[in-house]
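Here are some notes for anyone opening this one up for the first time. Have a look at the chains on screen, then work through the points below.

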Amino acid sequence: MSVPLLQFEDLHVWFDLEGGRELHAVQGVGLELEEGERLGLVGESGCGKTTLILAAMGLLPPSASVAGRVYLNGEEILAEGEDSVSPHRWVDIAMVFQGAMNAFNPVKTVGEQIVEPMELHGTASGRQARRQVGELLERVGIPAARASSYPHQFSGGMRQRAAIAMALACKPKVLLADEPTTALDVMVQAQILQLLVGLTDDFGLALILVTHDLPVVAQVCERAAVMYAGEIVELGPTDTLYHDPRHPYTRLLFAATPDLYGTDEVVSIPGTPPRLDRELTGCPFTLRCDSSFAPCATIKPRLIATTQDHLAACHLNDPALKAAS
Amino acid sequence: MSDYGQSALLEVENLVTRFPVPRGLVGTVSSRPKLAVRAVDGVSFSLRKGEMLALVGESGSGKTTTAQSILRLVEPESGTIRFLGEDISKVSSRRMRTLRRHAQLLFQDPYESLDPRFRVRATVEEPLLVHNEGGGHAEREQRVREALTRAGLTPPELFIDRYPHELSGGQRQRVAIAASLVLDPQLLLADEPVSMLDVSVRAGILALLDGLRQSGLGILMITHDLSTAAHYADRIAVMYLGRIVEEGPAREVVTNPKHPYTKALISVVPQRDPRAYAAPQILHGETPNPIAVPPGCRFNPRCPIAIPDCRSTDPELRVPAGAAAGHLAACIRA
C-alpha cells in the first residue's frame with residue numbers, strides 16, 4: 001500500500017490548566033489524507049478540531065504537550081519537536097487560520113505580506129517572488145496588480161482569498177483550513193468553496209476543511225471525520241455519513257441542522273459535551289445519546305470498521321454487546 | 001389599539017433610512033457633493049400577530065437597519081411605521097419610550113449582550129425597573145421567574161442567581177429572551193438570534209421562538225441563513241441593497257423563487273445531502289456599495305438575465321407569473 005500524504009497516529013494533546021490539572025483536548029486520533037483529497041473535520045466547539053490541525057503545524061502554545069505521531073509522506077514530523085516540524089511548515093503543510101482575513105498587517109501591502117513566507121523559507125525572493133505573488137493572486141481570483149493594495153482596500157471575500165494565497169505561497173501539498181467561510185456571506189462563501197475545490201482538483205492539493213457546518217462539508221468533501229470530546233467518533237464518505245450514519249452523534253448533528261428543502265423537524269441535541277479535564281468512563285456521548293444502552297456507561301467504544309471505508313465508535317455496531325444486553 | 005387583532009401588528013411603508021457620509025474638512029471646503037449611504041431605500045412589509053417574517057439578505061443589505069429604524073434606534077428619513085395601529089414614525093421620543101415596551105430587540109451575541117456583573121435575576125428584572133412596572137419586589141420576582149420559565153430555563157431557581165459566565169451559550173441566549181419577554185411584548189425583533197451558537201443548541205432556541213410565535217407574538221427574524229428561514233418563518237422577505245426584492249410564503253419563496261437574486265442565493269445554499277449537489281449559480285463580486293446604488297434595477301449589474309430596460313426601470317414589487325398568493329417579486333422579467 002502506498003504511504004498516505006498526511007497521517008495522524010494515536011495523537012494526544014493535553015493543555016496544562018491552573019492548579020496542576022490537565023485538559024485532554026485530543027484523545028488518540030488516527031487519520032489519513034491522500035493527495036488531492038478533501039476531508040471535512042466537523043464537530044461542536046471545543047471538540048478538538050482546531051487543536052488537532054494546529055498540532056500537525058507544530059503551532060500549539062507552550063502549555064500544550066503532545067504524544068503520538070504525525071507523518072508527512074512517511075516522515076515523522078513531530079519526532080524532534082520544532083526542529084523536525086519547522087522545515088515542513090508552510091513549505092509542505094500550510095494553514096488558513098480562523099479569522100485569517102482579519103489578521104493582515106494593516107500597514108503593509110498584501111503583496112509584501114505574501115512575499116514574507118517565500119523569503120523566510122527561501123522558496124523565492126526578489127523579482128521572482130513578486131512574480132509568484134502575481135500568479136498566486138490571479139489563481140485565487142484577484143488581479144495581480146492588486147498586490148500593491150493594502151488590506152483595508154479589499155472586501156472581506158478578497159481578504160479571505162488573499163489569506164489562501166498567502167498559505168499557498170510556498171506551494172504546500174496539504175492545506176488545513178479552519179472555518180474558512182464562517183464569517184462570510186453565503187454568496188462569498190460559495191465563491192471561496194469553489195476556489196478551494198478548484199485548488200484541490202487542479203494541483204492535487206490535499207485539504208482538511210475544519211468547520212461546524214455540516215452542509216458545507218457535505219457539498220465540498222469526499223470524506224469527513226466527526227469529532228466529539230477530543231476523539232473521532234465516525235469517519236467515512238460524506239454520502240455514507242448522511243445516508244447511513246453509524247454513530248448517533250452524526251445522525252443527531254444532521255438532524256439539528258436545518259436543510260433548505262427538508263421538512264423533517266429540526267431537533268437540538270440535549271446537554272453539553274463532557275468536560276475534558278477529568279477521566280471519562282464509558283462512551284463520552286452516552287449522556288446525550290438517544291440510543292444508549294447498558295454497556296455505554298462503563299465500556300468505552302473503540303473506533304472500528306463497519307465497512308471497508310467507514311469507521312464508527314459506537315457499541316450499537318457490536319452485535320455481541322447488543323445481544324448481551 | 002383594540003381591533004388590530006386581525007389586521008397587521010406592524011405595517012412598514014416605504015421606509016427610507018440614510019446615513020450621511022462625512023466629507024471631512026477638505027471635502028466640505030471644496031464643496032464635494034454630499035453623499036449618503038442608502039441603507040434602507042423604500043422598504044414596505046407587514047407582520048401579523050403570531051407570525052414570523054424572516055428578513056434575509058447578505059451583510060450590507062439593510063436588514064439590521066430596517067429593524068433599528070422600526071424601533072427608532074436610528075431615525076428613518078421618511079416612510080410610515082404603524083405599530084399596534086399607531087403611526088410611530090413621528091411620535092415623540094417620550095411616547096416612543098412607552099411603546100418600546102411592546103416591541104423588544106434580541107441581539108445576535110449572547111456573550112456580548114449580557115452584563116457580566118449582573119446575575120440572571122438583575123438582567124431579566126431590569127426592563128421592569130426601566131419601565132417602572134411590575135409593582136413591588138415580590139411581584140417583580142414572580143414576573144422574572146415566569147419569564148425564565150417561558151424562555152425554557154426551568155426550574156427558574158436553578159438559573160436566577162447565576163452569572164452569565166456560569167451559563168452555556170444557549171442558556172445565555174435564553175436569558176436574553178427572558179429579559180425581552182418580561183414586559184410581555186407584542187413584537188420581537190430577533191437579529192441573527194442563533195448565528196453565534198453551536199449547531200446542537202440552535203434548534204432549541206428556534207423552537208422556543210416558534211412556540212412564542214404560536215402563542216401570539218409577532219417575530220421579525222433577521223438572518224442570513226435561508227435554511228433556517230425556510231424552516232421556521234411563515235414568510236420570507238429577501239433584501240438586496242436596501243430594498244425588498246422578493247417576498248412570499250417561506251416554502252413558496254424557497255421552492256419557486258422568481259427574482260434572479262433569490263434564485264442565485266438559493267442555488268448556493270449548501271444542502272445536508274451530498275447527493276443533492278447542483279452546480280451553484282455563483283454571482284461574481286460582492287453586493288455593491290449602497291452609496292452608489294445602480295440606476296434602474298439595483299441588481300442589474302450582477303443579474304444573469306438583465307435586459308436594457310433593467311438599466312432604466314426601477315421595478316416595483318408585484319405578483320409574478322406562476323406565483324402563489326402573497327408572493328411578490330421586484331423584477332420586470334419575472
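Leaving out residues up to four places away in sequence, which residues does A:V266 touch?

1. Before the answer, one caution: what you see is a predicted model. Local features are discussed here only where pLDDT is at least 70.

2. Now for A:V266. Not counting residues up to four places away in sequence, A:V266 touches A:A255, A:A256 and A:P258 in chain A, plus B:A203 and B:H231 in chain B. You'll find A:V266 in the loop between α9 and β11 (304-307) of chain A. Is A:V266 buried or exposed? A:V266 is buried, because 21 other C-beta atoms lie within 10 Å and the cut-off for buried is 20 or more.

3. Chain A puts in 34 residues and chain B puts in 32 residues. On chain A's side, the elements giving two or more residues are α6 (186-203), α7 (214-220), α8 (238-243) and α9 (248-255). Which of them gives the most? That would be α6(A), with six residues. By type, chain A's side divides into 18 nonpolar, 12 polar and four charged residues.

4. On the chain B side, take a look at helix α7 (residues 199-214). With 16 residues at 1.5 Å a residue, α7(B) should span 22 Å, and its end C-alpha atoms are 23 Å apart, which agrees. The buried residues of α7(B) include B:V199, B:A203, B:L206, B:L209 and B:R213. What covers the buried residues of α7(B)? The cover includes α9 of chain A, along with β3 (52-56), α6 (169-181), β7 (187-191), β8 (218-223) and α8 (226-232) of chain B. After α7(B) comes B:G216, with a positive phi near 115°.

5. Among the buried ones are B:G170, B:R172, B:R174, B:I177 and B:L181. They pack against β6 (103-106), α4 (120-130), α5 (137-150), β7 and α7 of chain B.

6. Back in chain A, find helix α3 (residues 110-120) and helix α4 (residues 126-139). Their axes come within 9 Å and cross at roughly 120°, and α3(A) and α4(A) are therefore oblique to each other. The crossing is right-handed. From α3(A), the contact uses A:G111, A:I114, A:V115, A:M118 and A:E119, and from α4(A), A:A129, A:R130, A:Q132, A:V133 and A:L136. Those residues divide into six nonpolar, two polar and two charged.

7. How does α3(A) pack with helix α5 (residues 156-167) of chain A, and at what angle? The angle is about 25°, with the axes 8 Å apart, which makes α3(A) roughly parallel to α5(A). This crossing is right-handed. The contact is made by A:V110, A:Q113, A:I114 and A:P117 of α3(A) with A:A162, A:A165 and A:M166 of α5(A). By type, that contact has six nonpolar residues, one polar and no charged. Keep an eye on A:I114, which takes part in the contact with α4(A) and in the contact with α5(A).

Definitions and conventions
Residues are numbered from 1 along each chain as its sequence is written. Chains are lettered from A and ligands numbered from 1 in the order in which they are written. This is a predicted model: local features need pLDDT of at least 70, side-chain atom pairs count only at pLDDT 80 or more; totals for chains, interfaces and linings use all residues. Two residues are in contact if their C-beta atoms, placed from the backbone, lie within 7 Å. Helices (H or I, at least four residues) and strands (E, at least two) are DSSP runs, numbered from the N terminus. Ala, Val, Leu, Ile, Met, Phe, Trp, Tyr, Cys and Pro count as nonpolar, Asp, Glu, Lys and Arg as charged, and the others, Gly among them, as polar. Axes are lines fitted to C-alpha atoms, for helices over the stretch in contact, and angles run from 0 to 180 degrees between N-to-C directions. Angles under 35 degrees count as roughly parallel, over 145 as roughly antiparallel, 65 to 115 as roughly perpendicular and the rest as oblique. A crossing is left-handed if the near helix is turned anticlockwise from the far one by less than a right angle, and right-handed if clockwise. The expected span of a helix is 1.5 Å times one less than its number of residues. A residue is buried if 20 or more other C-beta atoms lie within 10 Å of its own, exposed if 12 or fewer, and partly exposed in between; C-beta atoms are placed from the backbone.
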